[in-house]
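Here is a quick tour of a few local features worth a look before you set anything up. Have the sequence and the viewer open side by side.

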Amino acid sequence: MSNCLKGAGLGFRRELCQDMQTHDLSAIDFFEVSPENWLNSAGQMGGQYHKLLKSYTERFAFICHGLSLSIGSSAKLDIDLLKNTKKFMQEHGMQLYTEHLAWTSDDKGHLYDLLPIPCTNDAVKWTANRIKQAQDIMGMQIGFENASYYYTPPDSDMSDSEFISAVVKEADCLLHLDINNIYVNSQNFGFDPIAYLHQLPLEKVCYMHIAGHYVAEDGFIIDTHGNNVIEPVWQLLDEAYREIYHRTGKKATDIPTCLERDFNFPALDELLTEIDMIHHAQKNACQSLNPNKQQLSA
């Protein structure tokens, strides 16, 4: 199994496994998996699903993307979840763990939604300290994802992009950049997605997401991961590749970029077509930023 994380990947879902057994998967450079969907209530692995996952992690690189760490919560940090996730990653040879920069639980339990953290200096310090603790337990830097949100906490005194930048700097963590989330938030709250993108600490990007969404009758957008990626989101991905290269010199092909699809699954061929579109965007970004190389190879 190759542990090299780059290129284009796909979320690993049980609903896709039957079709994956009969398709050529060579276009998929890695899969993403959420540990909460594969560990039992005691945080243990085993049974047929463990064997199924193992049959793929032995052949493909995998990224671990958590759902319920609730890093911005006021509740006690879930140390058991972190320890179980670390064991899960070790068992399957995973090298990168990312989570959401949000809160998903309170003292009464999980809320099953990603809720925005108030963008304040106190929240920066609180969240960064919890991230530092989590990284110490995991023994690695963790990538935290810019989340979609549907309201702005009323006591915020800095912008979302300022908050993310401050947390990443204070915690010395990585940034998991979700392109569709930027687009969804920009349309729902009326800001320029490219300007917002440029305000983020893109030099800390370790991983990227791209996905589709649902547009309600009134125009409000829900981040569902249940539809094809639309053109403005592809264009924003192109801009992200360009800006990251300008800041860091890192090529688009070296930034692992995952297609998220969580329900309303189409035929696997349709998902593989979108995987090819990620590859195409990465190659185009590399060629446009290295015109001399393109001319020599023409």
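Does Ser70 count as buried or exposed? At 3% relative accessibility, Ser70 counts as buried. Keep in mind throughout that this is a predicted model.

Ser70 sits in the loop that runs between strand E3 (61-65) and helix H3 (79-92). Its backbone is worth checking: phi of Ser70 is near 55°, a positive value in a residue other than glycine.

His225 also has a positive phi without being a glycine, with a value near 60°. You'll find His225 in the loop between E11 and H8. With a relative accessibility of 10%, His225 counts as buried.

Now to helix H6, residues 179-189. Nine of its eleven residues are buried, so H6 is largely enclosed by the rest of the structure. The buried set is Ile179, Asn180, Asn181, Ile182, Tyr183, Val184, Asn185, Ser186 and Asn188. What covers them? The cover for the buried residues of H6 includes strands E7 (143-145), E8 (174-178), E9 (205-211) and E11, along with helices H7 (193-199) and H8 (231-248).

Both ends of the helix have something to show. At the start of H6, a side-chain oxygen of Asp178 comes to within 3.1 Å of the backbone nitrogen of Asn180. Just after H6, Gly190 adopts a positive phi of about 70°.

Glu260 belongs to strand E12 (residues 257-260).

What Glu260 does have is a polar contact, side chain to side chain, with His209 at 3.2 Å. Setting aside neighbours within four places in sequence, the residues in contact with Glu260 are Glu32, Asp178, His209, Ile210, Ala211 and His225. Two of these names have come up already: Asp178 from the start of H6, and His225 from the loop between E11 and H8.

Tyr150, Tyr214 and Ile222 make a nonpolar surface patch of about 250 Å². Ile222 lies in strand E11 (residues 221-222), and its 31% relative accessibility makes it count as partly exposed. E11 is also among the elements that cover the buried residues of H6.

Key: Residues numbered from 1 in each chain as written. Predicted model: local features only at pLDDT ≥ 70, side-chain atom pairs only at ≥ 80, totals over all residues. Heavy atoms only, no water. Patch = residues over 30% accessible without salt bridge, like charges linked within 9 Å, V, L, I, M, F, W, Y side chains within 5 Å. Areas by Shrake-Rupley, 256 points an atom, 1.4 Å probe, with all protein chains shown as cover. Salt bridge = Lys/Arg side-chain N within 4 Å of Asp/Glu carboxyl O. Helix = DSSP H or I, 4+ residues; strand = E, 2+ residues; numbered from the N terminus. Buried < 20%, exposed > 50% of the residue type's maximum accessible area, 1.4 Å probe, protein only. Contact = heavy atoms within 4.5 Å. Polar contact = N/O pair within 3.5 Å; in protein donor to acceptor, adjacent residues only side chain to side chain.
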